[in-house]
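Here is a friendly walk through a protein chain for someone who likes to know how each value was computed. Please have a look at the sequence and the structure first.

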Amino acid sequence: MTGPHSLTALDEATALLLAGISTVAPCSLPLGEAIGCVLAAPLHATAAAPHYPVARWDGWAIAAADTLGAGPYAPAVLPMPPLLLQPGDALPQGTDAVLPLPDLVRDGPLAQVLDAVAPGTGVRTAGEDAAAGTLLRAAGERLSPLDLPVLTALGVTEVAVRRPRLRWLAIGDEIVADGARDTLFATCAALAQAAGAVLTRLSPVPDDAAAIAEALRAGAEGYDMLLAVGGTGEGARDLTAAGLREAGRLAVHGLGARPGTNAGFGAVAGRTVILLPGSPGDALA
């Protein structure tokens, strides 16, 4: 029997696990790839966003003073046909409002406004989204899709993040024979991605302590954490804990929790190794 002979309280095991995990090294990622990742450095607005007054909606760029006193029976006649703007277009010099499209009447060469417009109507002012120097996101926060419009407007193309690199090692003769029996990988890869990490798969290994140890040593190179899945129970073919002990250090095998009793962890070459039971319910718990 190779399974756990004693159980470690969940709180104690959690404290031991966290104490052995080092800070993930920062890396630079393109803005779109960094969504959901933890920021390694704070993000500040290096300039005002938007940089200058821009149109809030489709409309005509006008000077509000040219519409003073305008009404349905006394329309304001603009001195020249105004410039048509789209959202985000800069206001031309001498204008301070964007008139909605239906509110301007074209009569031959003349442009008439049927109601007065206040300065700033239809305008997003400079710095409305963020003033220069504003802290947009602190280090340790996750980058959100909602952060992209302001960062893109500021010209940010890459950010420094901490994205843990995880490796998945499925263990078992049956998985070596039929890879389709490794049913947990897709779920855990999605969970890792949602947490801002990336999970890649190693070739499965058989129920052999020496083969498991060799795979763990090779898999630890260049990665932050390994997940060894299967072979953690009490049967004669459950040799994952023995493989970890041979490759490095087995810290805990057996948790005072159900489901998940046969889980454990340790380290190889300074990299944390998590032992997950092969049962989906136990592993996910």
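## Helix α6 and L244

L244 sits in helix α6, which covers residues 240-247. Helices here are DSSP runs of H or I with at least four residues, strands are runs of E with at least two, and both are numbered from the N terminus. With a relative accessible area of 0%, L244 is buried; the classes are buried under 20%, exposed over 50% and partly exposed in between, using a 1.4 Å probe and protein chains only.

What does L244 touch, leaving aside residues up to four places away in sequence? The list is L216, R249, L250, F265, G266, A267, V268, V273 and L275, where a contact means heavy atoms within 4.5 Å. A210 is 34 residues from L244 along the chain, and their C-alpha atoms are separated by 9.4 Å.

## About the model

This is a predicted model, in which local features need pLDDT of at least 70 and side-chain atom pairs count only at pLDDT 80 or more, while totals for chains, interfaces and linings use all residues. Residues are numbered from 1 along each chain as its sequence is written, and side-chain values use heavy atoms, with hydrogens and water left out.

## The whole chain

The chain has 7 helices and 19 strands. Its radius of gyration is 31 Å, whereas a compact globule of 285 residues would have one near 19 Å; the radius is taken over C-alpha atoms, and the globule rule is 2.2 Å times the number of residues to the power 0.38. Along the principal axes, the C-alpha trace spans about 95 × 35 × 30 Å.

Of the 285 residues, 40% count as buried. Among contacts with a separation of 6 or more, 77% come from residues 24 or more positions apart.

The chain carries 17 positive and 28 negative charges, and their mean positions are 8 Å apart. Lys and Arg count as positive and Asp and Glu as negative, without His or the chain ends; each charge is placed at NZ of Lys, CZ of Arg, CG of Asp or CD of Glu.

D147 belongs to the loop between β12 (135-137) and α2 (148-153). Is D147 buried or exposed? It is buried, at 13% relative accessible area. Its side chain makes a polar contact with the side chain of R137 at 3.0 Å; such a contact is a pair of N or O atoms within 3.5 Å, where within protein one must be able to donate a hydrogen and the other to accept it, and residues adjacent in sequence count only if both atoms are side-chain atoms. Beyond residues up to four places away in sequence, D147 touches R137 and R142.

P30 is in strand β1, residues 27-30, and counts as partly exposed at 33% relative accessibility. P30 touches T157 and E158, not counting residues up to four places away in sequence. V156 is 126 residues from P30 in sequence, with a C-alpha to C-alpha distance of 9.1 Å.

## Backbone details to check

A cis peptide bond joins A49 and P50, with omega about -5°, and P50 is in the loop between β3 (43-44) and β4 (54-55). Another cis peptide bond joins R258 and P259, with omega about 5°; P259 is in the loop between β17 (249-253) and β18 (264-268).

A269 is not a glycine, although it has a positive phi of about 50°. A269 is in the loop between β18 and β19 (271-276) and is exposed, with a relative accessible area of 70%.
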